[in-house]
Amino acid sequence: MDDIAIRVENISKSYRIGTAPERYRTLRDSITNAGRHILAARHLAARLSAGRSDLARSPDPSSHSTIWALKDVSFDVRRGQVLGIVGRNGAGKSTLLKILSRVTEPSTGQAEIHGRVGSLLEVGTGFHPELTGRENIYLNGAILGMKRVEIERKFDEIVEFSEVGQFIDTPVKRYSSGMYLRLAFAVAAHLEPEILVVDEVLAVGDAEFQRKCLGKMSDVAQAGRTVLFVSHNMSAILRLTEETLVLEKGRLAYRAATPEAVDYYMAAGFSDAGERLWQASEVPADAAPFQPLALRVRDPKGRVVDTARSTEPLSIEVEYRLDQPITGLRVGIYLLTMRGEYVFTSFDTDDPGKFEQHSTRPAGHYVSRCTLPANWLNEGRYVLSVNASAFHVKRYFWDDHALAFNVDATGAPGKHWPEPRLGPVRPALDWMIETL
Amino acid sequence: MDSIIFLRPTRGLAALNLRDLWVYRELVYFLMWRDLKVRYKQTLLGASWAILQPVVQMVIFTLLFGGVANLSSEGVPYPVFNFTALLPWGLFSKALSDAGRALVNNRNMITKVYFPRLVIPVSSVLAGLVDFAIAFGVLVLIIIYYHFAPGANFDFHFTPALLTLPLFLILALVSALGFSLWLSAMNVIYRDVGHVLPFLTQIWFFITPIVYSSSEISSKWQWLYALNPMTGVIEGFRWAILGTQSTPALLLIISTLVAVVVLISGLFYFRRMERSFADEI
């Protein structure tokens with residue numbers, strides 16, 4: 001019939017959020033809830049018999065609020081198409097993939113999947129540390145839906161791809177994390193479904209590993225299989241996919257050819273020039289007691305600017321409030337290019353002396369400010385992410401897409417040649433030219 | 001060839017979809033194999049635990065109930081009488097405790113990959129068959145010993161009844177799986193199950209004729225007693241292997257009916273709860 005691989009029609013998914021961020025109910029809660037319902041019903045009956053009319057009030061005090069992780073999302077994917085999905089944290093990407101890979105059901109709406117689905121929401125699912133590499137290949141393969149004969153047939157290929165060769169009969173708990181990942185990805189990469197659903201599996205591992213993963217992904221894509229690919233890595237999205245969906249707050253915001261969709265995504269929500277302000281309602285509840293207020297880019301005169309000049313220093317400030325003291329807090333920024341590649345990461349307590357001095361930050365209103373030196377960034381558009389965390393304890397707040405700003409390179413080194421310079425930095429280096 | 005899968009919210013009772021379970025039978029096998037492989041890793045005695053556990057239990061019960069309490073064992077040496085019951089009981093109690101926790105222990109698989117969730121309790125229950133087989137070998141040795149031991153006053157005979165043993169084993173598996181399905185699905189939502197399991201198993205042990213014979217129960221209450229399917233299983237084992245009692249027909253019929261009802265209702269309950277596993281676990 002038609003060549004549709006996936007058809008999604010008005011899919012929504014709601015999650016109930018209770019009064020407390022509790023992960024599971026206990027029997028006691030159910031019993032007390034039931035008891036409360038009985039009491040409420042009795043109360044109601046008593047009031048009814050007393051002829052009272054104030055029945056409008058809800059008898060249920062524990063009314064749960066629901067959040068919609070996905071709301072009315074519809075799209076089609078053609079057979080053989082490689083579709084990218086981008087969106088910020090909490091936009092619903094993972095929920096969508098979970099529904100399409102049948103891990104969870106939609107709350108409303110429906111989807112049709114034509115063909116066998118292989119999903120890679122994680123690599124190494126079901127790996128057991130006590131089992132050897134060989135045993136884990138079989139186990140993980142079976143979990144991913146491969147048949148035993150299929151695994152046997154591809155076994156040598158998997159081992160070769162993973163480069164763990166001589167350690168194949170060693171328990172994986174003795175593997176380095178790199179070996180572990182390579183083995184896990186190797187099994188997943190040899191899955192041959194008609195439709196492949198891939199989450200951010202490439203975000204882990206070293207550069208070499210990522211290069212290898214991307215290579216394998218493009219092989220899969222070229223083999224004519226349907227692929228749904230979620231990533232934060234815009235260069236991977238640009239390289240692998242033809243068309244991309246942009247999700248925003250659970251809704252499908254945009255669908256276009258990948259370069260356009262990436263532009264839309266990277267530019268979205270950056271109207272407040274040079275400044276990003278957070279309303280209390282925008283900040284997740286688990287950020288408390290950290291409350292972000294603003295992120296600003298300022299020029300040397302202290303003006304908030306959308307476009308900074310590369311020949312001048314520029315300062316970046318994070319304004320925030322602490323409702324309670326936090327120990328070990330570090331507030332920092334990531335600078336990214338529009339392609340999503342990181343330029344640097346820096347925290348306000350990177351200096352050990354400063355970290356000592358601010359080991360516990362009392363409650364109060366703060367600004368953490370840093371200055372980027374002149375003649376440092378190349379021209380172009382950059383994105384700032386904000387991170388407030390206590391290392392290995394808690395990440396209080398993270399916005400991976402807080403603010404974008406431009407850098408204008410007028411007067412920068414080498415500007416007398418009207419050519420774009422490669423790379424995100426444009427340093428003024430002290431060149432010596434000597435005659436020998 | 002071109003299979004279409006529809007993803008939509010399901011309401012009410014879900015179809016059992018046992019065909020899917022069949023498609024994933026290899027996963028059942030691999031999970032069983034993983035559990036067995038991992039269980040005795042980093043132990044000094046390794047797989048000998050599968051023999052030691054029931055034997056030590058039997059020795060304790062023999063001293064306590066056969067010796068001190070001097071309970072009747074229907075003319076069979078007490079160790080044989082007791083060990084015959086410990087075989088299916090071991091299978092059952094292990095299934096309850098392992099399968100009850102299995103879904104929660106395999107949380108990372110459930111939230112990341114699709115497979116029929118029934119695979120988890122089924123493989124967990126079936127893994128107990130290996131221990132059963134090992135303990136069965138021990139039982140044969142014990143029987144041979146008492147058969148030839150002078151003064152034991154016990155003669156083992158091959159009877160046609162022995163051929164019915166597989167049926168009682170199946171009944172044990174049906175009961176184990178039925179209760180495991182209920183408990184494992186409930187444990188996803190109510191973690192209390194994990195805390196209740198040890199008591200539950202202990203109480204169950206004493207309402208099952210393991211250290212004593214069901215003939216101790218007055219015939220007026222036999223029907224009530226048989227509502228525990230393990231009663232039927234264990235009396236069946238004793239009847240088939242040791243030739244005790246006459247065929248416990250009424251007991252068996254009631255126990256079988258209960259076991260089947262628990263299994264079927266357990267399957268439906270499990271399938272009904274399954275849709276929220278990934279969200280609730």
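Modeller: N375(A) is partly exposed, with 17 other C-beta atoms within 10 Å; by this count a residue is buried with 20 or more such atoms, exposed with 12 or fewer, and partly exposed in between, the C-beta atoms being placed from the backbone. This is a predicted model, in which local features need pLDDT of at least 70 and side-chain atom pairs count only at pLDDT 80 or more, whereas totals for chains, interfaces and linings use all residues. Residues are numbered from 1 along each chain as its sequence is written, and chains are lettered from A and ligands numbered from 1 in the order in which they are written.

The phi angle of N375(A) is near 55°, a positive value in a residue other than glycine. N375(A) belongs to the loop between strand 18 (364-372) and strand 19 (380-390) of chain A; strands (E, at least two residues) and helices (H or I, at least four) are DSSP runs numbered from the N terminus. A positive phi is also found at N10(A), where the value is near 50°. N10(A), however, is placed in strand 1 (residues 4-17) of chain A, and with 13 C-beta neighbours inside 10 Å it counts as partly exposed.

Another backbone feature is the cis peptide bond from A288(A) to P289(A), with omega near 5°. P289(A) sits in the loop between strand 10 (275-277) and strand 11 (290-298) of chain A.

On the scale of the chain, an automatic or database domain assignment gives domain 1 (68-267) and domain 2 (275-408) of chain A. Seven residues of domain 1 are in contact with seven of domain 2, contact being C-beta atoms, placed from the backbone, within 7 Å.

Between the chains, the contact takes 38 residues from chain A and 31 residues from chain B. On the side of chain A that touches chain B, helix 2 (93-100), strand 4 (108-114) and helix 3 (133-143) each supply at least two residues. Strand 4 of chain A gives the most to that side, with six residues. Strand 4 of chain A also runs antiparallel to strand 1 (residues 4-7) of chain B, joined to it by four bridges; two strands pair if DSSP finds at least two bridges between them. Within strand 1 of chain B, L7(B) stands opposite A111(A).

Notes
Contact = placed C-beta atoms within 7 Å.
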